[in-house]
Amino acid sequence: VQLQASGGGLVQAGGSLRLSCTASGMNFVINDMGWYRQAPGKQRELVAIITRGGSTNYADSVKGRFTISRDNPKNTVYLQMDTLKPEDTYTYYCSARIFSDNFPTGRVYWGKGTQVTVSS
C-alpha cells in the first residue's frame, strides 16, 4: 500500500490550497485518514483527522479555516486550506491507518510530504 500526496505550492496570505492524498495497492481497508505538518527540526503535529464514517477533528490553529474530507470509493483524503497564513508554512504529510492481508491488525502509512509555503 502506498499513499501519494499532491497539491502543495506557494500561495499568498489569505489564499487557498487543496491537498489530496490517494492510497493505492491491493486488498486493503482504510480506517482513519489524516493530515499532519512538520517544520525542519520540529515535531510533526496533527492538522486534521477524519474517520471512515466522516467524523473529524482539527488542531485549534486551523479550525474554521481548514476542512478535511474523504472519498472512500476513491481511497482519497482531501485538505481544503482557506485563509492561509504565513505560519501555515510547513511540509504536510498525509497518513492512513490501513488494514490489509499483511497487517490484519492495522498499520499506519505515511505519504511523502508536500510543501506548502504562504508568503506575507
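Trainee: Before we look at charges, what is a salt bridge here?
Mentor: A salt bridge is a side-chain nitrogen of Lys or Arg within 4 Å of a carboxyl oxygen of Asp or Glu. This is a predicted model, in which local features need pLDDT of at least 70 and side-chain atom pairs count only at pLDDT 80 or more, while totals for chains, interfaces and linings use all residues. Residues are numbered from 1 along each chain as its sequence is written, and side-chain values use heavy atoms, with hydrogens and water left out.

Trainee: How many salt bridges does that rule give?
Mentor: The count is four salt bridges. Among them is the pair of D88 and R37, whose closest N and O atoms are 3.1 Å apart.

Trainee: Where do D88 and R37 lie?
Mentor: D88 is in the loop between β8 (76–81) and β9 (90–100), and R37 is in strand β4 (residues 28–38), so the pair ties together parts that are 51 residues apart in sequence. Strands (E, at least two residues) and helices (H or I, at least four) are DSSP runs, numbered from the N terminus.

Trainee: Are D88 and R37 buried or exposed?
Mentor: Both D88 and R37 are buried. Buried means under 20% relative accessible area, exposed means over 50%, and partly exposed lies in between, with a 1.4 Å probe and protein chains only.

Trainee: Which other residue forms a salt bridge with D88?
Mentor: R65 does, with the closest N and O atoms 2.7 Å apart. R65 sits in the loop between β6 (56–58) and β7 (66–71), and the pair links distant parts of the chain, 23 residues apart. R65 is buried, as is D88.

Trainee: Which residues end up in one network?
Mentor: Salt bridges that share partners join R37, E45, R65 and D88 into one network.

Trainee: And what about K63 and D60?
Mentor: Their side chains meet in a salt bridge, at 3.1 Å from N to O. K63 is partly exposed, at 48% relative accessible area, whereas D60 counts as exposed at 64%.

Trainee: What is the phi of N75?
Mentor: The phi of N75 is near 50°, a positive value in a residue other than glycine. N75 lies in the loop between β7 and β8 and is partly exposed, with a relative accessible area of 24%.
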